[in-house]
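Here is a briefing for a reader who is meeting this protein chain for the opening time. Please keep the sequence and the model in view while you read, and look up each residue as it is named.

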Amino acid sequence: MSSAKAIIITYNATDLGSGLWQYDYYVSDYDFNADYGFQIFFEYGLYENITPVSSPSDWDVIAYDPDVIFGSPDDGAYDALALVDGASLAESFSVQFNWLGTGNPNGQYFEVYDSDYAFVDSGESVPGTAPVPEPTTMVLLGTGLIGLAGYRKKIKKS
């Protein structure tokens with residue numbers, strides 16, 4: 001198993017209303033072989049009803065809620081296990097959950113493990129950059145061209 005750089009997990013957050021959120025995770029800079037995987041942790045007291053929504057076909061995903069186990073609070077997790085060598089990372093890993101905290105939820109701690117479930121890497125998921133929607137780009141371009149045309153016309157009159 002080789003890793004070009006440290007693994008990066010970005011997320012795009014969508015507020016679905018009434019405390020329900022969806023995170024679309026994107027994983028990069030890592031080559032996952034069969035039986036390698038990662039877990040994203042959901043802090044006890046801040047999340048509930050963690051439900052996988054979609055994942056690439058090369059992956060098996062499960063989620064479990066934060067709970068009190070043996071008298072101690074335990075974080076929940078979203079777990080993704082690669083089913084084949086070179087598992088695809090082209091699609092997002094999506095999960096919905098109820099946010100119990102104040103404000104907006106943030107990034108979460110994650111761990112990467114190998115086929116023996118030994119710790120390989122870890123980090124914190126970071127917000128992704130949402131692409132500029134195409135209609136907005138066209139409006140900005142059109143406005144700029146109209147402005148240039150008006151400026152050119154003004155110069156010709158002078």
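Asp35 has a relative accessibility of 41% and therefore counts as partly exposed, where buried means under 20% relative accessible area, exposed means over 50%, and partly exposed is in between (1.4 Å probe, protein chains only). The model is a predicted one, in which local features need pLDDT of at least 70 and side-chain atom pairs count only at pLDDT 80 or more, whereas totals for chains, interfaces and linings use all residues. Residues are numbered from 1 along each chain as its sequence is written, and side-chain values use heavy atoms, with hydrogens and water left out.

**Two residues with positive phi**

- Asp35 is placed in the loop between strand 2 (20–28) and strand 3, where strands (E, at least two residues) and helices (H or I, at least four residues) are DSSP runs numbered from the N terminus.
- Although Asp35 is not a glycine, its phi is positive, at about 70°.
- Asn49, which is found in strand 4 (residues 47–54), is not a glycine either, and yet it has a positive phi of about 55°.
- With a relative accessible area of 39%, Asn49 is partly exposed.

- Strand 3 (residues 37–42) has 6 of its 6 residues buried, so it is largely enclosed by the rest of the structure.
- From strand 3, Gly37, Gln39 and Phe41 point one way while Phe38, Ile40 and Phe42 point the other way, and all of them are buried.
- Strand 3 pairs with strand 8 (residues 76–82) in the antiparallel sense over 6 bridges, where two strands are said to pair if DSSP finds at least two bridges between them.
- Within strand 8, Leu81 is the bridge partner of Gly37.
- Strand 3 also runs antiparallel to strand 10 (residues 109–113), to which 4 bridges join it, and in strand 10 the bridge partner of Gln39 is Glu111.

**Asp79 in strand 8**

- Asp79 has its place in strand 8 and is buried, with a relative accessible area of 11%.
- The side chains of Asp79 and Gln39 are joined by a polar contact of 3.0 Å, a term for a pair of N or O atoms within 3.5 Å; within protein, one must be able to donate a hydrogen and the other to accept it, and residues adjacent in sequence count only if both atoms are side-chain atoms.
- If its neighbours within four places in sequence are left aside, Asp79 is in contact (heavy atoms within 4.5 Å) with Phe38, Gln39, Asp60, Val61, Ile62 and Tyr113.

**Aromatic pairs**

- A pair of aromatic rings is described by the distance of the centres and the angle of the planes.
- Rings of Phe, Tyr and Trp (its six-membered ring) pair if their centres lie within 6.5 Å, and planes under 30 degrees apart count as stacked, over 60 as edge-to-face and the rest as tilted; by this rule the count comes to 16 aromatic pairs.
- In one of these pairs, the rings of Phe32 and Trp59 have centres 5.1 Å apart and planes at 75°, so the pair is edge-to-face.
- Because Phe32 lies in the loop between strand 2 and strand 3 and Trp59 lies in strand 5 (residues 59–64), this pair ties together parts that are 27 residues apart in sequence.
- Phe38 and Trp59 also form an edge-to-face pair, with 5.7 Å from centre to centre and 65° between the planes.
- Since Phe38 lies in strand 3 and Trp59 in strand 5, that pair ties together parts that are 21 residues apart in sequence.
- Phe38 counts as buried at 0% relative accessibility, and Trp59 counts as buried at 5%.
- One aromatic cluster is formed by Tyr11, Tyr23, Tyr25, Phe42, Tyr47, Tyr78, Phe97 and Trp99.

**Pro105 and its contacts**

- Pro105, in the loop between strand 9 (93–99) and strand 10, counts as buried at 5% relative accessibility.
- Not counting residues up to four places away in sequence, Pro105 touches Tyr11, Trp21, Tyr23, Tyr47, Phe97 and Trp99.
- Pro105 and Tyr23 are 82 residues apart in sequence, and their C-alpha atoms are 9.7 Å apart in space.

- An open sheet of 5 strands has the order 4-9-2-1-12 with mixed pairing, and its edge strands, strand 4 and strand 12 (126–127), each pair on one side only.
- Strand 1 (residues 8–17) and strand 12 run parallel and are joined by 2 bridges, and in strand 12 the bridge partner of Thr10 is Val126.
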